[in-house]
Amino acid sequence: MNGTVSKEPVAVVGIGQTRHVAARRDVSIAGLVREAAVRALEDAGLTWADIDAVVIGKAPDFFEGVMMPELYLADALGAVGKPMLRVHTAGSVGGSTALVASNLVSARVHRTVLTLAFEKQSESNAMWGLSLPVPFQQPLLAGAGGFFAPHVRAYMHRTAAPDHIGSLVAFKDRRNALKNPYAHLHEEDITLEKVRASPMLWDPIRYSETCPSSDGACAMVLTDREGAGRAPHPPAWVHGGAMRSEPTLFAGKDAVSPRAGSDCAADVYRQAGITDPRREIDAVEMYVPFSWYEPMWLENLGFAEEGEGWKLTESGATELDGDLPVNPSGGVLSTNPIGASGMLRFAEAALQVRGQAGDHQVEGARKALGHAYGGGSQFFSMWLVGAEPPAS
Amino acid sequence: MNPAPAQEALHAPLVVEFPFTRSLGPVQSAFLTGLRERTVLGVRAGDGRVLVPPAEYDPVTAEEIRDLAEVGQTGTVTTWSWNPAPRRGQPLARPFAWVLVRLDGADSALLHALDAPGPDAVRTGMRVRIRWAAERKGEITDIACFEPHEGPEGGAEAGADGPGERAQPRAHDGQFPGEAVTGITAPARLDYVYTPGRAQTRYLNALAGHHTLGERCPECRKVYVPPRGACPTCGVATDEQVEVGPSGTVTSFCIVNIKAKNLDIEVPYVYGHIALDGAGLALHGRIAGLPYDQVRMGLRVEPVWAEGGRYPDHYRPTGEPDADYDTYKELL
């Protein structure tokens, strides 16, 4: 130990999510987050009294127009008299929220932490929230898809990827979603031809290659080694976690493969002792809001050499039965409650190594990566979870 | 070296407003439907207290609470603050008091407005009663405001304006005639004074004269367009001004096929990244002056200014040969 104090191992012992849909008009925001939290507590076999602190995340307050919603949600989340923290890092927030909670346990500040993220997109309009009319400035000429489409074109140009790769990803993720009862989109009659025939919105991005707008929440209970020993179900263990950020625009930014993303992944792999992510990681839940981001992130996260990501997708390796399944849950392309989307990636990775992913379980998954990004490829957060406790 | 001249920063009003919709859930739904029917409902917490306005979850035990109870329409001010200059959207247009009122039978206080002639007429402990709005639709403003009231807690003489005053809350099933209120619209409006800051002001003022001024980082020597006063990579101030363009290269783009609500541009149109000659990064703009399906990476373009515009309306081809990928591959 060389005189240093080791970190506490962190276990994911409870996971809960809502059935994600376009609009949950039957519940308040409090009722929505409550559903996910109660399911996570039930999974962990715990009650509100067992929770030492609550860490909550969501995307910009403008999305629902409730300023600092964590204050209003304290009662619903049993946080009265306990520390409550709010995290915000745009679309990556669900991931960074889980990491803040994980670090509180790892540092032995708290023993058992409830972490939760949500978005109730039906209460507002995210497109509006992201394109406020700033005086003196040229209005934003395209929505989120239009912002990311030129980066996709740059990727296609740089790697000479054929046009159909994006459709393959969308077709795969929508089929995976059919195996996930919590997913928002259940397109029973999806075919590759339908994806390819869907309207081109922001050429080269087609309608079927974009994410939906969802209401949903995701919650997890994280605890220490002793808490894991009392858990009724096998935990997922956190082997590594990291966050990185960089400006949305700066001279030298590589929007196709941002430095912050690759640095973040390298940090996680170093912590987890991963030297060959392609072979050592059994399942990946990555943040793919537009289908082309799968091959782009495969390269950025070190699963493929530069220029080779699309070949991995094309080969079928990222299918549910491939040797590197990506987004077995259906991913962001099938479910997008923005603030919760990152935590869903983290939670789905944990479900895989707990063997609790149901019909979208990757057989024998022992190590899984959860990944999130947000802003204009500005914030990155990732964790690697395993079925066994980390070697200390 | 061309140091930046001192200029007063631009500023302009920025109003942000949006009609948020709110799904109420069972407890707030009963509360607001009740207000429409001139009935105030609270909810009984695990410790027996009646909370008004009601909460969905117990603030002590975190348990779900659903036992509704009707409380009185008269109450007692527990604290207050005089509002001498009401703003738009507030309950009363003339000066009024913000009050916390514990309604008779309730154990917690409700925030609302008290219509009083002046601060001298308001005191903690004073008795007040609800003044109902003439038209009620299931919103907190169905209570128009509170008004001073002479009478003891739960007193019968309080009932002149409505039924149901009582010091003891009465269990209520939350059901009312007519359709239940399940959602509300919550319009939000924020008034700001926006300033783009000194660096952007220099850029915008030059742009108005059809010159594009960037600022060079003294360390990495890259030119920021638009400038932000500092280099985010090196973390140092930029103050050397450099004119870039007017021509540039399209480094990437997309073809927009869906019409944006707030833009008066016919689709399809091309939205592109344009690296102006001499700039260290691309800016974003519309590319026109050729068929949309002929736009390509490497296309050489120049700005087209609309009369009185603060920024180029769009960029059009210069007619030069396309730029080599290697010349702009760092500027995508």
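In what order do the strands of the open sheet in chain A run? Hi everyone, let's start there, and please keep in mind that this is a predicted model.

The sheet has 9 strands, and reading across it we get β3-β2-β4-β7-β1-β8-β11-β10-β9 of chain A, with mixed pairing. Now look at the two ends of that order. β3 (84-87) and β9 (283-285) of chain A are the edge strands, and each has a single partner strand, so one side of each has no neighbour in the sheet.

Let's zoom in on the β3 end. Strand β2 of chain A, residues 53-57, runs parallel to β3(A), and 4 bridges join the two. If you'd like a pair to click on, I56(A) sits opposite R86(A) in β3(A). Packed on the sheet is helix α1 of chain A, residues 29-44, which touches β1, β4 and β7 of chain A. The direction of α1 makes about 140° with that of β1(A).

Now, the domains. Chain A is assigned domain 1, covering 11-126 + 214-230, and domain 2, covering 144-213 + 240-386. Over C-alpha atoms, the centres of these two domains are 23 Å apart. Their contact takes 34 residues from domain 1 of chain A and 36 residues from domain 2 of chain A.

Which elements give two or more residues to the domain 1 side of chain A? They are β1 (11-17), α3 (93-106), β4 (112-120) and β7 (215-223) of chain A. α3(A) gives the most, with 8 residues. By residue type, that side of domain 1 divides into 16 nonpolar, 14 polar and 4 charged. Thanks, everyone!

Definitions and conventions:
Residues numbered from 1 in each chain as written. Chains lettered and ligands numbered in written order. Predicted model: local features only at pLDDT ≥ 70, side-chain atom pairs only at ≥ 80, totals over all residues. Domains from an automatic or database assignment. Contact = placed C-beta atoms within 7 Å. Nonpolar A, V, L, I, M, F, W, Y, C, P; charged D, E, K, R; others polar. Pairing = 2+ DSSP bridges. Axes fitted to C-alpha atoms, helices over the stretch in contact; angles between N-to-C directions.
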